[in-house]
Amino acid sequence: MAADKRVVCLVDDEFEDLELWYPVYRAREEGAEVLYAGPEKGRKHIGKYGVPAVADISYDELDADKFDGVLVPGGWAPDKIRRDTRVLDFVRRMNESGKPIGQICHAGWVLISAKILEGRIVTSTPGIRDDMENAGAKWLDEAVVVDGNIVSARRPPDLPPYAKAFCDLLFGRKK
């Protein structure tokens, strides 16, 4: 398959390993090119369970015109990722362009800090439900919620339908 879609996966230390790798591999299986973006190009980031991911590009290289979708894994990484204004600007531009944004578990923190959840319907780990609602979103306790360009999921057991929903949106497939 030709890689006619480009996706960036945001990474920092202590990402939830499965929530990073599963959707990345699924998108690659579909033919998408997936790059990792971190604070510094070439820096190795270690997941909560010890699996490393190396940043292909730095946050400075994030350009919404060059990507068709973005994945944000959960774990504790989102709390670090959301503090970077380069990431927040990128996520806002991706949202304004209507491009797919996938977020699972604690990744909702990045969308909260990007201020793109007002009036949206989402899910997340129940632990940040209040945060999501305080950001203006309607929160549902469902495995996967798709609201326009935002695909959200709760936790690792939801990965199969989450990754499928993200890829369906990325490749323009109907349910």
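Asp84 is found in the loop between H2 and H3; helices (H or I, at least four residues) and strands (E, at least two) are DSSP runs, numbered from the N terminus. At 15% relative accessibility, Asp84 counts as buried, where buried means under 20% relative accessible area, exposed over 50% and partly exposed in between (1.4 Å probe, protein chains only). The C-alpha atoms of Asp84 and Val110 are separated by 9.5 Å, and these residues are 26 apart along the chain. The model is predicted, so local features need pLDDT of at least 70 and side-chain atom pairs count only at pLDDT 80 or more, while totals for chains, interfaces and linings use all residues. Residues are numbered from 1 along each chain as its sequence is written, and side-chain values use heavy atoms, with hydrogens and water left out.

**Helix H3**

- H3 has 12 residues and reaches 16 Å from its first C-alpha to its last. That is close to the 16 Å expected at 1.5 Å a residue, the expected span being 1.5 Å times one less than the number of residues.
- The buried residues of H3 are Val87, Leu88, Phe90, Val91, Met94 and Asn95. They lie on the same side of H3 because they cover an arc of only 160° around the axis, the arc being that of the directions from the helix axis to the C-beta atoms.
- Thr85 and Glu96 are exposed residues on the face of H3 turned away from its buried side.
- The buried residues of H3 pack against strand S1 (6–10), S6, helix H2 (77–81), strand S7 (101–104), helix H4 (108–113) and strand S11 (150–153); contact means heavy atoms within 4.5 Å.
- Just after H3, Gly98 takes a positive phi of about 70°.

**The nonpolar core**

- The largest nonpolar core has 57 residues. Such a core is a set of buried Ala, Val, Leu, Ile, Met, Phe, Trp, Tyr and Cys residues joined through side-chain atoms within 4.5 Å.
- Leu10, Leu62, Phe90 and Val91 touch the most other members of this core.
- Helix H6 (residues 159–170) gives the most to the core, with six residues.
- Not counting residues up to four places away in sequence, Val91 touches Leu10, Ile101, Val110, Ala114 and Ile116.

**Aromatic rings**

- A pair of aromatic rings is described by the distance of the centres and the angle of the planes. Rings of Phe, Tyr and Trp (its six-membered ring) pair if their centres lie within 6.5 Å; planes under 30 degrees apart count as stacked, over 60 as edge-to-face and the rest as tilted.
- By this rule there are three aromatic pairs. One of them is the edge-to-face pair of Trp21 and Tyr36, with 5.7 Å centre to centre and 65° between the planes.
- This pair links distant parts of the chain, with Trp21 in helix H1 (residues 17–29) and Tyr36 in strand S2 (residues 33–38), 15 residues apart.
- Trp21 counts as buried at 17% relative accessibility, and Tyr36 is buried with a relative accessible area of 5%.
- Phe67 and Phe90 also form an edge-to-face pair, with 6.3 Å centre to centre and 90° between the planes.
- Phe67 lies in the loop between strand S5 (57–58) and strand S6 (69–72) and Phe90 in helix H3 (residues 85–96), so their pair ties together parts that are 23 residues apart in sequence.
- Phe67 counts as buried at 3% relative accessibility, and Phe90 is buried with a relative accessible area of 0%.
- Trp21, Tyr25 and Tyr36 form one aromatic cluster.
- The charged end of Arg6 sits over the ring of Phe67, 4.7 Å from its centre. A charge sits over a ring if NZ of Lys or CZ of Arg is within 6 Å of the ring centre and within 35 degrees of the ring normal.

**Loop residues**

- Cys105 is found in the loop between S7 and H4. Phi of Cys105 is near 65°, a positive value in a residue other than glycine, and Cys105 counts as buried at 10% relative accessibility.
- Lys115, in the loop between H4 and strand S8 (121–122), has a positive phi of about 60° although it is not a glycine. At 69% relative accessibility, Lys115 counts as exposed.
- Thr125 is found in the loop between S8 and helix H5 (129–134) and counts as buried at 12% relative accessibility.
- Leaving aside neighbours within four places in sequence, Thr125 is in contact with Cys105, His106, Trp139 and Arg154.
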